[in-house]
Amino acid sequence: MKTIFTTGEAAAICKVSQQTIIRCFDSGRLGGFRVPGSKFRRVTRDGLLAFMRENGIPTDGLDGGKLKILVVDDDPDIVELFTDVLQRYGRFQVRTARTGYEAGMVTQEFMPDVILLDYLLPDVNGNVVCQTIRKNPAFAHIKIIIVSGVVKQDEINRLLKAGANEFVKKPFNIDKLVALIDKLTAVE
Amino acid sequence: MAPPRCPLSIIHYSLPPLATVAVKVLAASGEDETAIDEVVQAISGEPELMARVLQLVENPAADTGFAAVRSAVVAISIFQLLGAMPDKSGCFSREEFWKHSLAVGCCGELLAEQLSRLDAGGAAVAAADAFVCGLLHDMGKIALVALWPKSYARVVETTDLLRGDIADLERSIIGVDHLVLGKRLAEQWNLPPAIRECAWLHGLFPGALPAMAQNKALVNLISLADVLVRRQQVGYSGNYLFPVSREELAAVVGLNEEAVDAAVAGLAERIEKRRAAFALDDTKANAPRGQTQSGVNALDANTPLAVMQAMAPTAQEMFAGCVAIFSLLPAQSLAEVLLACGSDAPQTLLLACSQRPALASGGNGPVRAVGDDLDWLMSAIRPRLDGEFNYWLALETAGQCIGGIVWGGGAGETARLAKQVPDLAEVSRWWTLALQTSQVRQEAKILAEQLAQANRQLQTAQTQAMQGQMFNALGEFAAGAAHEMNNPLAVISGRSQLLAGQLADPRQRTMAQQIFEQSQRLSDIISDLMDYAKPQPAQRRLCPVGEIIAEARRLAKSKADPADRNIVLELGQAPDVMVDPAQVSAAVAEVLANACQATDPAGGQVKIQSAFDPQARCVVLTITDNGGGMDPHVLPHAFDPFFSSRPAGRRRGMGLPKAQRWIEASGGSIRLESRPSQGTRCVIILNRN
């Protein structure tokens, strides 16, 4: 989880110009510090959050440390289950997709930290989604967890090779799944 | 030892002929009064035979009396004949074999009686016929033991080890099986077709019997009797595989379950009654008397040898006192040779023919000087022929030489015979025709035998293919079903976890937890099903047997109750085996876990033995326990998935089926032997390649 931002990054998150950020920084309305020995400005997470709240800027792009999870599954009951489970913990922000295509679109827009990906989707298989996401360097930091009822060792190996980080079997244990998400996103 | 190329011809030259009485009896028909009288006289001349016959036939004077007497005489004569044949193999218990044969005969008789009692309207089978056919159905085995004792010892050992079909092993080790041999014996001794067909075709699926078989009802009856007797485990006959089920056979024969049970119930008593007639204890003391002493057995008039025998006198008249006649079967490289010298009894020889003689060319008449292409023959017979030079008359048809007549003579032989060319040509045409016809018959016989053999193999292959197909279909079905089931299961599992976390009331919380646990159980069952239906492919490599056993013990101890079960190890020298070590260890662990569960913690003993069988070139692992053993109703289902004789919920019943899959995937085999209160023995066979 990022705790330090450049003025450019802060501007992108707030969807304002970099100049605006610099002015706010300089006038003390935006918390941060200068890199010692240089004139470069750095904005802290807390400072940014406070700034955004004060000014009514939607904190989607930077939401109080909540991890962003994208759940991809064509079964609505499963999707609802994941959403309920994750939201119950209070520190996850969840979006959903029902097809491989939709998953790609939402990933672009939402920039999740973790994708929970069902292997069997209506349009493509999970491993194709995996490969496509991995092709884009902008998504390199996204953790992909494949969730599936089918558990064959050679298939699992193929998935891991296609770019998945982990594999979880359905039905799953909630605590274990959340622990896994935390573990994967802890090293940052 | 490679199987002999034409072993069947050897029988003809090596086996004793039938006793005179039996020959007479077989030749006589039931209607001819004078023939019957002769037969009765012949039998009366042998008081001992008579006594035994009377023990078998209650009422010789009845309507069916003659047929019964005939069957009895045949049975006793052949029994004695076979009993007098040597057995140097040391591996085959003659006594056990006859116990089994006698039991099948009695069972056949009882089944036939049940059939006529039910008056089922289907084909009736005479009880006396059933008895003889049952008694002699496996006679081929005696001949095999007599002719090839060492090879047969190997067959018996390997069958014992691998528990396979003894006929397959006989064919692969010796070259011929006891079924075909039994048929040939029946032909050689001119036994009624019923006996021949039973010896040859018993054990086939009723639907697979050839159309030309005339005694199908009898063959099926004997097959049923065979299966029933083996179930009763009377005596030992060496076979372990039974492809056709008792129910199927009973239905085809026309007997209901009651009738079959009634027959089986009367078996022990009937065997006792009949034993006396066969004096199983002192077979050797009763050598048959009055055997025909001719060097050539009473021949079926249709064989090439018979034709040659008929040709001999004329040939001798035409050419020389001493002639040799040979017949070459088109498909084989062996020649049958008849040597007739003067008025001595003709001698028969079997020779390997390295080269088929060339066709006659040129118009010098049919008689030619013997050339190099008959060296294979001349080297054997030249000393016997008179005269300085050798000549021969070829019998040719369809561009091939199928035989010929060879004799010795003086220098001007061809000139001398030139005058008789038209007559010679005529005679040789007739001879050729006769010989060819008999050869065609011979080939048809061989072909029929090969077909029957192929039929049997097809039967086994079809069963295996069907099972294989079933497995694949099951695998696809299971994979699809499992996937469908996992999603709803995930919802149940997840929601119940959430509920368990939210509910305040501890009772309700417990209920939610139960839902969660049960969904886990379901998930495990689905995984097991998937594993079984589409198992992981085996990754085979060479590994030491000791390691596999050690790993298996470790796994079993962690799985079954870890009490200090006394596991005894007897590990012999065994080479490495080519298997997937993880899977095979897991398989052995399943068996061990079962064994531990079956035995009582205090006094129970589980033993693991390993040994190398150099004959079959495989490693044999045996796991024995002295626990409660398995019911005969349970044993056949031991490898069925989800089958468990224990109360539901204790173990899922997948242990043995998984073990079987794993072991077979590594190229091995597994089987179970068990008797109630005598413990269980599990034999696992692993290969080196």
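Where is the place of B:W200 in chain B? B:W200 sits in helix α12 (residues 193-201) of chain B; helices (H or I, at least four residues) and strands (E, at least two) are DSSP runs, numbered from the N terminus. This is a predicted model, where local features need pLDDT of at least 70, side-chain atom pairs count only at pLDDT 80 or more, and totals for chains, interfaces and linings use all residues. Residues are numbered from 1 along each chain as its sequence is written, while chains are lettered from A and ligands numbered from 1 in the order in which they are written.

**Around B:W200**
- B:W200 counts as buried because 26 other C-beta atoms lie within 10 Å (buried takes 20 or more, exposed 12 or fewer, partly exposed falls in between, with C-beta atoms placed from the backbone).
- Leaving out residues up to four places away in sequence, B:W200 touches B:L179, B:V180, B:G182, B:K183 and B:A452 (contact means C-beta atoms, placed from the backbone, within 7 Å).

**Where the chains meet**
- 15 residues of chain A are in contact with 16 residues of chain B.
- Helix α4 (residues 76-89) of chain A gives the most to chain A's side, with 5 residues.

**A sheet in chain B**
- Here 5 strands form an open sheet with mixed pairing, in the order β8-β10-β11-β13-β12 (strands pair if DSSP finds at least two bridges between them).
- β8 (566-571) and β12 (669-674) of chain B stand at the edges with a single partner strand each, so one side of each has no neighbour in the sheet.
- Strands β11 (residues 618-625) and β13 (residues 680-687) of chain B run antiparallel, joined by 8 bridges.
- B:T622 has B:V683 in β13(B) as its bridge partner.

Terms used. Contact = placed C-beta atoms within 7 Å.
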